[in-house]
Amino acid sequence: MKTTLFRTAAALVVASTVAFFAGHVQASAFAAWQVKNVAWGDTLNVRKYPSSGSQKQAAYPNGTVLQMTGKCTGGIDLFDISGLPDHKQRQLVRYEWCQIWHDPRNDGHYVTGWVYGRYIAPY
């Protein structure tokens, strides 16, 4: 009986450890940037595709923290430039579109969208 309880407890510890690290790996798959320099009273539009003419998915005000996938137009990867000073990172994405992972309807269904680099900054 004690052996069975010990094995069950050990299995639970292993399973919870695996779940803990799996959650952290998934969470670190995103770079945190924030909405910045949007005109007072305005919001940053999130588009379905990297184009100002694309369908609007959502809009976020200054200070909103975004989950970036790391992918930007122009071949820029936010993870590759993350070691640079903030102002250099912002300069590199200024005229590019960067992909985010967000829940535009606040219903638990996350999708990708695109924001214009001029209005985001490393968090």
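Rings of Phe, Tyr and Trp, the last through its six-membered ring, count as a pair if their centres lie within 6.5 Å, and the planes are called stacked under 30 degrees apart, edge-to-face over 60 and tilted for the rest. The structure is a predicted model in which local features need pLDDT of at least 70 and side-chain atom pairs count only at pLDDT 80 or more, while totals for chains, interfaces and linings use all residues. Residues are numbered from 1 along each chain as its sequence is written, and side-chain values use heavy atoms, with hydrogens and water left out.

**Exercise 1. Find how many aromatic pairs the ring rule gives, and describe the pairs that involve tryptophan 101.**

Step 1. Applying the rule gives three aromatic pairs.

Step 2. Among them are phenylalanine 30 and tryptophan 101, whose ring centres are 6.3 Å apart with planes at 20°, so this pair is stacked. Phenylalanine 30 lies in the loop between α1 (2-27) and β1, whereas tryptophan 101 lies in strand β5, so the pair ties together parts that are 71 residues apart in sequence; helices (H or I, at least four residues) and strands (E, at least two) are DSSP runs numbered from the N terminus.

Step 3. Tryptophan 101 and tyrosine 110 also form a stacked pair, at 6.0 Å centre to centre and 20° between the planes.

Step 4. For accessibility, buried means under 20% relative accessible area, exposed over 50% and partly exposed in between, with a 1.4 Å probe and protein chains only. Phenylalanine 30 is partly exposed at 24%, tryptophan 101 is partly exposed at 31%, and tyrosine 110 is partly exposed at 40%.

**Exercise 2. Locate the disulfide and characterise its geometry and surroundings.**

Step 1. With a disulfide taken as a pair of cysteine sulfur atoms within 2.5 Å, the count comes to one.

Step 2. Cysteine 72 and cysteine 98 form this disulfide, with their sulfur atoms 2.1 Å apart, and the link is right-handed, with 105° about the S-S bond. The pair links distant parts of the chain, since cysteine 72 is in strand β4 and cysteine 98 is in strand β5, 26 residues apart.

Step 3. Strands β4 and β5 run antiparallel and are joined by three bridges, where strands pair if DSSP finds at least two bridges between them. Cysteine 98 is also the bridge partner of cysteine 72.

Step 4. Cysteine 72 is buried, with a relative accessible area of 6%, and cysteine 98 is buried at 0%.

**Exercise 3. Decide whether histidine 102 is buried or exposed, and list its side-chain polar contacts.**

Step 1. Histidine 102 lies in strand β5 and is buried, with a relative accessible area of 4%.

Step 2. A polar contact is a pair of N or O atoms within 3.5 Å; within protein, one must be able to donate a hydrogen and the other to accept it, and residues adjacent in sequence count only if both atoms are side-chain atoms. The side chain of histidine 102 makes such a contact with the side chain of glutamine 57 (2.9 Å), and another with the side chain of tyrosine 60 (2.9 Å).

Step 3. Counting contacts as heavy atoms within 4.5 Å, and leaving out residues up to four places away in sequence, histidine 102 touches residues including Val46, His109 and Tyr110.
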